[in-house]
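Okay, thanks for coming, everyone. Let me put the structure up, and then I'll walk through its side-chain contacts and its pocket.

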Amino acid sequence: MNRMIILLCAALTAACAGGQQDGLTLSGLKQSDFQSEVDGKKTDLFILKNDNGMEVCVTNLGGRIVSVMVPDRDGIMRDVVLGFDRIADYETIPSDFGATIGRYANRIGQGRITLDGTEYQLPQNNYGHCLHGGPRGFQYRVFDAVQKSDREVELTYTAKDGEEGFPGNFDCRVTMTLTDDNAIDIRYAAETDKTTVVNMTNHSYFNLDGDPSKDNSEWLLTVNADSYTPVDSTFMTTGEIALVADTPMDFRAPTPIGERIGQDFEQLKNGNGIDHNWVLNTRGNIAEPCASLESPATGIRLDVYTTEPGIQVYCGNFLDGTVKGKNGVAYGFRAAVCLETQKYPDTPNKPEWPSAVLRPGEKYESRCIYKFSVDE
């Protein structure tokens, strides 16, 4: 009898060890599917967990958040971000899902910047403008990664002088920490040896239903901003700062996205829906939420905090069902909302706006917190 018990315990131990080795996460990801080599550097999946059972998975290819498991109002764990379940898809399918964006998030007009009298031409990869650092921005680079603890991963990357046209050897660090109050605390830091511009953000696509077959029309969006920066038909900011009052861009109170996004309004036509930067009232106060998103169906709420002056709200207007993500699910039209904390778009060419210039000897720092809770 004792021998049978010993053998049974040994079998269970072996099975558990095998499961850990396979690296199956709460969100159903296999760690082995992320262990590869890209551009001569090793990739992996880093798993963060807190005492509440929340789980965040991060890959160092593009510094991407791959999955976020949070409880809904019934205690059911749901994955609330879009992404892929293997590193090969991130390599072969162009996307910004969950990515760390740099050197400059959003758009730079005509891909041109002038610093200390020298003009630099950047890639023109979006309607003649430079978008998200160019076609080989940070979202396609392999970061060096160190998992500091079961709740924190540190990602570092050095962009060489001239990479994607940007000046300066640029050393950056992104630290993602999962806190006990169900928040993902993202801290950015960078230095340069030549005057450059920097605007880093995270490009997670949030679906608070945990069901990418549903669109975002019922979700309640709040943006703590009295004004926003209008765009032209190429999605480029015009230089104007416009009031949201009496327009469909007013989300100062929680409002279903579907009530506004289809209205007959020039800016919604120019942005193909909502794809705009809001001028935040929080003015860098990390203690005050700058935006919130909530799903009435699941009760999951996301509050965003930042030290940045702006936030780009993008409602998945270019998702069209052709890309299949985790578990083979097709990501349809407006199946997510992105909340990208940032400097305003094209700030290098609009000197009246908060500066994105970083000089040698200076330190760039930015912080964004994505905090999850449940509205009963």
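Let's start with charges: the side chains of Asp-150 and Arg-151 meet in a salt bridge, at 4.0 Å from N to O. By salt bridge I mean a side-chain nitrogen of Lys or Arg within 4 Å of a carboxyl oxygen of Asp or Glu. Before I go on, this is a predicted model, so local features need pLDDT of at least 70 and side-chain atom pairs count only at pLDDT 80 or more, while totals for chains, interfaces and linings use all residues. Residues are numbered from 1 along each chain as its sequence is written, and side-chain values use heavy atoms, with hydrogens and water left out.

Back to Arg-151: it counts as buried, at 19% relative accessibility (buried is under 20% relative accessible area, exposed over 50%, partly exposed in between, with a 1.4 Å probe and protein chains only). Asp-150 and Arg-151 also belong to a salt-bridge network with Asp-51 and Asp-180.

Next, Arg-367 and Asp-185 form a salt bridge at 2.7 Å, N to O. That one links distant parts of the chain, with Arg-367 in strand β29 (residues 364-374) and Asp-185 in strand β15 (residues 183-192), 182 residues apart. Strands here are DSSP E runs of at least two residues, helices are H or I runs of at least four, and both are numbered from the N terminus. Asp-185 is buried, at 8% relative accessible area. Over the whole structure, the search finds 23 salt bridges.

Now the rings. Phe, Tyr and Trp rings (the six-membered one for Trp) pair if their centres lie within 6.5 Å; planes under 30 degrees apart are stacked, over 60 edge-to-face, and the rest tilted. That rule gives 18 aromatic pairs. Take Phe-138 and Tyr-157: the centres are 5.2 Å apart and the planes are at 70°, so they're edge-to-face. Phe-138 sits in the loop between β11 (130-131) and β12 (144-149), and Tyr-157 in strand β13 (residues 152-159), 19 residues apart. Phe-138 is buried at 2%, and Tyr-157 is buried at 10%. Tyr-344 and Trp-353 are edge-to-face as well, 5.3 Å centre to centre with 80° between planes, and both are buried.

How are the residues lining the largest pocket split by class? There are 12 nonpolar, 11 polar and 5 charged. For the classes, Ala, Val, Leu, Ile, Met, Phe, Trp, Tyr, Cys and Pro are nonpolar, Asp, Glu, Lys and Arg are charged, and the others, Gly among them, are polar. A pocket, on a 1 Å grid over the protein atoms alone, is an open set of points with protein on both sides within 12 Å along at least five of seven lines, and lining residues have an atom within 4 Å of a point.
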